Amino acid sequence: MGIGSPSANGLAASSRYSDRWHKVRPVEEDLDAFLNACERAVVEGGYEVIFCTEDAQVLGLSFGRDRISAKIPYPRHEVVVRAFDKMELTRAAQEVGMAAPETVLADDRAISDVGIPVLVKSRLHWTPGAQGAPSRLEAAICSDRDDIHRRVREIRAHGGEAVLQEVIRGRLIHYLVVVDSGGEIIDGVQTLAEPLFYPGPDIGQRIRSVSVPVDPELHKKTAALMRELEWEGMASLNLLLPDGGGEPALIDFNGRYGASFDQYIAAGSNFPAVWACLATERSLPPLREAKAGVRFQWLEGDLRRAWRQRRGGLLRDVIDCLAYSRGAVHTLWRIDDPMPAVRLGARLADEIVGKLLPGHVRGDD
């Protein structure tokens, strides 16, 4: 297995399971250079398939798949764009009877009429060919119309198209599935997150979650959505279970590996192997029944959140973080593969020293 990234100092490149590293420029900096580097890596390493960890990478590879000799494990490019597009995803969800927050294009009339607070998003996190745009245009909750106009202008300046989305507060549900070429779900794991996010309470990455039994109604509607989108391969649906009760509402679609991916493997099948076998038309590995009660923790994010929120006091919150970590699946902290965690620890220590000593030059600068 090989890793493509801008720097050999990346966390993934330090893993014991990585055989080779290839220098690949960020897709958002130069799409042509990114595609050329990916093809060089495929030729050098003899790789059969390429997987991604960011939306921008997926969109870039999907757009330029004709220039890559390895398998790009996604459906047609127009299908990929539709699934990643917040507006089109909402329409597809409504078509199959799945709940979704009200979502409208952010034109002047909509900005004037929308109830606030409102969530301002880009339809796509990144658009192939966008010049000088970040790889991910983050969403923001805006509480006044000046803020809405400001965020919409920022998104447009980076080549995106903004939408306004109803704010739903609740617990985050993830349903990760693998879909075959016929649109059938062949495997899946569902998780339920605790109401803890970093960097903020409403927008950010989930910090803790646990695998739960798959909801039959959610499974049924997800299967219908996959057929409506004409999706194949791996997909992770993000839904919010409203605090006041009701049906989970679909808020996002991910067709890539995420930070909590090890949780799904621990709770179910070897999803990377399943996806790779589908992409290369090999026989599938054994599929396992999903197991409930497998916990995940993003320990670094949890500790950073504790530093800000200090639930019951800083010491008590930190102790709670460390207590939860025992027996949980983590993003990086693995006994059998310690170097990514060691490298991250060194970076965090460097960051702390930099804050304490303003003149300090960080090791990765």
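At what angle do helix α1 and helix α2 pack, and how far apart are their axes? The legends below take up this pair and two further views. This is a predicted model, in which local features need pLDDT of at least 70, side-chain atom pairs count only at pLDDT 80 or more, and totals for chains, interfaces and linings use all residues. Residues are numbered from 1 along each chain as its sequence is written, and side-chain values use heavy atoms, with hydrogens and water left out.

**View 1. Helices α1 and α2.** Helix α1 (residues 31-45) packs on helix α2 (residues 55-63) at about 80 degrees, with the axes 10 Å apart. That makes the two roughly perpendicular (65 to 115 degrees). Leu-31, Phe-34, Leu-35 and Cys-38 of α1 make the contact (heavy atoms within 4.5 Å) with Gln-57, Gly-60, Leu-61 and Phe-63 of α2.

**View 2. Helices α3 and α4.** Here α3 (residues 77-84) and α4 (residues 86-95) pack at about 85 degrees, their axes 5 Å apart. This pair, too, is therefore roughly perpendicular. Look for Arg-82, Ala-83 and Phe-84 of α3 meeting Lys-86, Glu-88, Leu-89 and Ala-92 of α4.

**View 3. Helix α11 and its buried face.** In α11 (residues 314-325), you will find Asp-317, Cys-321, Tyr-324 and Ser-325 buried (under 20% relative accessible area, with a 1.4 Å probe and protein chains only). Down the helix axis, these residues fall within an arc of 110 degrees, so they line one face. They pack against β11 (208-212), β14 (295-297), α10 (299-309) and β15 (329-330). On the other side, Leu-315 and Arg-316 are exposed (over 50%). Gly-327, which follows α11, has a positive phi near 85 degrees.

Note on methods. Axes fitted to C-alpha atoms, helices over the stretch in contact; angles between N-to-C directions. Helix = DSSP H or I, 4+ residues; strand = E, 2+ residues; numbered from the N terminus. Parallel < 35°, antiparallel > 145°, perpendicular 65-115°, else oblique. Expected span 1.5 Å × (residues − 1). Arc of directions from axis to C-beta.
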